[in-house]
Amino acid sequence: MEGSRFVSESLWQDQRIDAQERIMALQFGQVERRLERIEAMIEGLERRLWMTVYGVVAVILTQAVQGILDYAPRGG
């Protein structure tokens, strides 16, 4: 009977370790999915930021060119 107790304890430990590994795999999968969503959100924000920067630069350049054209001598 002594041997069967060790076998059942060993089996129980193996099952427990397997269950913990499955739980950890699920948790890592969830973390990975969350990180992918966060990365996608950051990429979207980065795109919007660059579009804003380009828009501001375009407005500044347009005003500069308009100012130059206002002071340029007109032919005629």
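## One helix

A helix here is a DSSP run of H or I covering at least four residues, numbered from the N terminus. In this predicted model, helix α1 covers residues 2-71, and Leu61 lies in it. The secondary structure of the protein comes to one helix and zero strands.

## Surface and burial

How much of the protein is buried? Buried residues make up 3% of the 76 residues. The accessible surface comes to about 7500 Å². Carbon and sulfur atoms account for 64% of that surface.

## A nonpolar patch

Seven names belong to a nonpolar patch on the surface: Leu49, Trp50, Met51, Val53, Tyr54, Val57 and Leu61. Together they have about 730 Å² of accessible area.

Trp50 has a value of 44%, so it is partly exposed.

## The aromatic pair

A search of the whole structure finds one aromatic pair. The ring centres of Trp50 and Tyr54 are 5.9 Å apart, and their planes meet at 35°.

Where do the two residues sit? Both Trp50 and Tyr54 lie in helix α1. They are four residues apart, about one turn of the helix.

## A negative patch

Charge gathers on the surface too. Glu32, Glu36, Glu39, Glu43 and Glu46 form a patch of negative charge there. One of them, Glu46, has its place in helix α1. Is Glu46 buried, exposed or partly exposed? Its relative accessible area is 44%, so Glu46 is partly exposed.

Terms used
Residues are numbered from 1 along each chain as its sequence is written. This is a predicted model: local features need pLDDT of at least 70, side-chain atom pairs count only at pLDDT 80 or more; totals for chains, interfaces and linings use all residues. Side-chain values use heavy atoms; hydrogens and water are left out. Patches are made of residues with over 30% relative accessible area and no salt bridge: like charges are joined within 9 Å, nonpolar side chains (Val, Leu, Ile, Met, Phe, Trp, Tyr) within 5 Å. Accessible areas come from the Shrake-Rupley method with a 1.4 Å probe; for residues, only the protein chains shown count as cover. A salt bridge is a side-chain nitrogen of Lys or Arg within 4 Å of a carboxyl oxygen of Asp or Glu. Helices (H or I, at least four residues) and strands (E, at least two) are DSSP runs, numbered from the N terminus. Rings of Phe, Tyr and Trp (its six-membered ring) pair if their centres lie within 6.5 Å; planes under 30 degrees apart count as stacked, over 60 as edge-to-face and the rest as tilted. Buried means under 20% relative accessible area, exposed over 50%, partly exposed in between (1.4 Å probe, protein chains only). Lys and Arg count as positive and Asp and Glu as negative; His and the chain ends are not counted. The place of a charge is taken as NZ of Lys, CZ of Arg, CG of Asp or CD of Glu.
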